[in-house]
Every structure is written in C-alpha cells, then in structure tokens.
Amino acid sequence: MTTEPETSGADVAAAELALGVLDGEERAGALRRMLAEPDFARDVGRWREHFAMMLDGVAEVAAPSGLFDKVEARIDGKIAPRRAANPWKPTAIAASLAALAMTAVALRPVETPVAPQPAPVAQVETAPMIAAMAAADKSDPQPAIYDADAGMVKMPGLMAIPAGKSAQLWAIEGSKAPLPLGTFREASPGMYVAEAKLGTVIAPGTILAISIEPIGGSPTGAPTGPVIASGLLSKV
Amino acid sequence: MTSPLPPQPAIDAARTALVEALVATGAEDRAAFAKLYKLTSAKLFGICLRICGDRGAAEDVLSDVYLTVWRRAGAFEPGRASPISWLATIARNRAIDWRRSAARRPSVTIDLVPDVADDTPSAEDRLVAGEAAGRLHLCLDQLDDRQRGAIRSAFFGGLTYAELAERDAVPLGTMKSWVRRGLQRLKDCLRDD
C-alpha cells in the first residue's frame with residue numbers, strides 16, 4: 001500500500017461496514033471502498049468472521065419437536081404455495097436469457113445511460129430501484145424493488161414456483177453474461193425476497209430476470225430453465 | 001476458566017462431522033440433512049430466539065433457516081468457512097430480517113435485544129467454533145460496558161448508528177464515538193498475538 005493512515009490503525013470503516021452500523025452516504029462510501037480496495041474488502045470479510053463469533057456465545061435451546069418434519073414438508077412442497085389470484089405460469093414461455101441479454105441494450109431507456117466505468121468504483125446505488133417485471137405469460141407486470149442497502153430484491157405479490165424448483169434471480173448488465181443472484185424465498189406472506197451475493201453491485205439499467213431452476217439455483221451458474229419474468233431496473 | 005477446553009482432536013472430529021453433513025446436504029442427501037439438523041438445531045434455535053425475542057417467530061425463522069440451508073448447502077466452501085459460523089450467520093441474518101420486517105408492522109411489538117453481555121460461551125459451546133471465538137470474547141471483555149453494549153446491540157439487533165443513538169437517547173455523534181473507540185480497541189486486541 002502506498003498510503004499510510006494518518007494515525008496508525010485509525011480506520012475502523014471495515015469493521016463498521018461488517019457490523020452493519022453505517023447507513024446512507026457513509027455506507028455508500030464504505031461500499032465504494034470495498035469495490036476499489038481489495039485489502040479493505042478482505043478486512044470487511046475478516047471482521048464479519050470476527051463478529052460471527054459472537055453467535056458462539058448464545059446459549060443453545062432445544063428446537064421444538066416436530067420442526068424438522070415441517071422443514072421436510074416444505075422441501076417436499078407438501079405445504080402448498082399460497083393460492084394465487086393470478087399466478088405466473090412458469091411453463092408459458094421458455095424465453096432465452098441470452099436473447100434477453102442481447103436486447104438489453106436496445107431496451108435501456110435513453111435517460112439512464114450506463115456510463116463507461118473508468119474503475120469499478122462508481123455506480124454504488126443506495127437508493128432503492130424498481131423494475132416492472134413483465135411476466136412471460138403476459139399477466140400484469142409486477143414490481144420488483146432492489147434494496148441496495150439490504151442487498152436484496154423484493155417482490156410483493158405471488159409467485160407460482162413449481163414444487164421441487166427454485167425461482168432464481170439474474171442480473172444482466174449490457175451484453176454481459178447473466179449474473180446469478182439468489183433464489184427467491186417467501187420472506188413473509190406475499191413477499192418474496194432474493195438476496196444478492198455479498199459485494200454484488202447492481203446499477204440502474206440492469207435487466208432483472210427470473211428463471212425456474214433446480215432447488216437452490218442453477219447448478220451451472222448460467223440459467224437452465226424457463227424465464228418467467230424480466231424487467232429493466234431504474235432509479236425511483 | 002473453570003472448565004478446560006475439550007482436547008483438539010475432539011474439536012477436529014466435531015468439525016469434520018459437521019463439514020461432512022453439510023457437504024452431503026449440498027448433494028441433497030436427506031439423511032445427512034437430518035444429521036446436520038440434529039447437530040445444530042439447538043444452537044441455531046438459540047440464536048433465532050435470542051434475536052427474535054419471541055418463541056413463535058423464532059420457530060418460523062428456524063424453519064426458514066433450515067430450508068435455506070437445504071437449498072444453499074451446495075454453496076458452502078469447506079476450505080473457506082467454519083461450518084458452524086456459516087450456519088449461525090444464516091440464522092442471524094434470517095432472524096434480523098424478521099426483526100426488521102416486524103419493526104415495520106405497527107401491530108407487532110418486538111422486545112429490545114437485551115444488552116446482557118454475559119453470554120460467555122461454555123467450553124462445550126466452543127467445541128466446534130474453537131479458539132477464535134474465545135479470542136473475540138476475550139477482546140470484547142476488555143471494552144467499556146457502553147462500547148461493548150453498543151457493539152453487541154448492533155450485531156444482535158441489526159441496528160445502525162442512528163437506530164442505536166435513538167434507542168439510547170444519545171446524540172448520534174456520541175454513539176458513533178463510543179462504537180468507533182470500541183472497534184478500534186477490538187482491532188488492536190485482535191491484532192496482538
């Protein structure tokens with residue numbers, strides 16, 4: 001490193017980011033550093049590990065009997081997904097994500113050009129962004145909200161996910177290969193949430209797409225199943 | 001230390017058993033998943049209960065946690081992460097998701113996470129996580145009560161500086177300086193060999 005901190009070790013931003021105490025501009029600044037400074041990113045990872053050790057001190061409590069059966073029932077899809085008034089039908093169209101990627105540039109509105117990035121530093125958005133997710137079966141578009149602070153995409157509404165499958169979220173930036181994000185889970189009734197991998201940065205103008213994949217997500221890192229919805233992410 | 005730590009081979013064996021169960025779960029092995037649940041559910045339920053502060057919610061969150069584990073176990077990298085930390089972090093994150101969404105629902109009141117600092121792990125608790133955890137607790141013990149309390153509340157409650165300051169009714173700058181000083185001391189302590 002060419003720069004020395006003014007006072008030795010005065011920098012606790014990595015710890016603050018890992019602890020989750022930052023918000024707003026401070027958090028954005030720390031996230032930018034995480035992208036720009038590999039040492040800083042490594043420190044953040046180390047701090048996360050340190051803090052996770054606090055969980056080691058939590059007393060064990062026997063889990064309620066029967067809970068494992070419930071988990072297994074959910075895995076087997078025995079607990080039916082909530083009835084949908086207008087469920088998306090994943091089998092409708094097996095749209096190709098590659099085609100989506102190619103049209104991404106054409107779809108991008110003029111007012112949200114993605115500037116050429118001089119360094120992987122810029123483009124950290126902390127304000128929420130939304131996408132109108134057009135379903136492949138032509139049912140009404142549903143909103144997807146990207147909460148950059150929480151690193152997750154939320155979709156209120158209903159999603160018909162076939163038993164034994166996962167709905168996986170993808171981000172397609174320009175002509176790049178689709179970036180696999182998390183699989184959706186129903187965080188609360190009628191609210192589906194997919195988490196982006198730690199450190200993932202999603203910029204406005206990115207296409208979000210959802211495909212049906214084996215449980216846990218695509219085993220190949222590229223989409224393998226039908227695309228059930230897609231939409232362009234814009235600032236609110 | 002009243003009770004000595006278990007011998008290293010016991011720690012290694014427990015960790016190996018966990019890693020094996022987790023890796024096999026990643027290959028959709030139900031028996032391994034059941035074993036993993038047996039080995040870890042009390043630990044993870046304790047975490048959910050501690051963070052949610054509500055038994056019913058903790059049960060729902062625990063069920064979500066194991067569903068997530070089933071789906072994501074394939075992403076666990078044995079060489080990079082401690083299995084129990086990996087699992088405990090999923091439990092903590094899910095429980096904090098619940099707290100945040102509950103906080104937005106006015107009808108639901110959630111208990112404040114107690115600032116109790118005395119979750120000193122027993123030797124048995126350290127069985128799997130090992131010495132690294134002992135080190136962190138040792139360093140946390142060296143902080144002022146205020147610093148340690150704020151750091152623990154941030155971690156267990158998923159609270160930001162602004163939320164911590166509001167909760168404790170102190171100016172934001174005061175809260176920041178408590179936590180920053182605490183983190184600085186923690187950093188110095190963890191760095192010492």
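I began with burial in chain B, where 42% of the 193 residues count as buried, a residue being buried if 20 or more other C-beta atoms, placed from the backbone, lie within 10 Å of its own, exposed if 12 or fewer, and partly exposed in between. I note that this is a predicted model, in which local features need pLDDT of at least 70 and side-chain atom pairs count only at pLDDT 80 or more, while totals for chains, interfaces and linings use all residues. Residues are numbered from 1 along each chain as its sequence is written, and chains are lettered from A and ligands numbered from 1 in the order in which they are written.

**Chain B**

I counted nine helices and zero strands in chain B, taking helices (H or I, at least four residues) and strands (E, at least two) as DSSP runs numbered from the N terminus. For contacts (C-beta atoms, placed from the backbone, within 7 Å), I found that residues 24 or more positions apart account for 67% of those in chain B with a separation of 6 or more.

I then looked up helix α2(B), residues 30-52, and helix α3(B), residues 55-72, which pack at about 140° with their axes 9 Å apart. This angle makes α2(B) oblique to α3(B), since angles under 35 degrees count as roughly parallel, over 145 as roughly antiparallel, 65 to 115 as roughly perpendicular and the rest as oblique. The contact includes Phe33(B), Tyr37(B) and Leu44(B) of α2(B), and Arg55(B), Val61(B) and Trp70(B) of α3(B) are among the residues on the other helix. I recorded the residues of this contact as 14 nonpolar, no polar and one charged (Ala, Val, Leu, Ile, Met, Phe, Trp, Tyr, Cys and Pro are nonpolar, Asp, Glu, Lys and Arg charged, and the others, Gly among them, polar).

**Chain A**

In chain A I found five helices and nine strands, and 37% of its 236 residues count as buried.

I followed strand β3(A), residues 152-156, whose covered face holds Val153(A) and Met155(A), whereas Met152(A), Lys154(A) and Pro156(A) form the uncovered one. In a regular strand the side chains alternate between the two faces of the sheet.

I traced Lys154(A) in both directions: Ile145(A) stands opposite Lys154(A), and in β7(A) its bridge partner is Val193(A). In the hairpin of β2(A) and β3(A), with four residues between the strands, I noted a positive phi near 65° at Gly151(A).

Note on methods: Two residues are in contact if their C-beta atoms, placed from the backbone, lie within 7 Å. Two strands pair if DSSP finds at least two bridges between them. Axes are lines fitted to C-alpha atoms, for helices over the stretch in contact, and angles run from 0 to 180 degrees between N-to-C directions.
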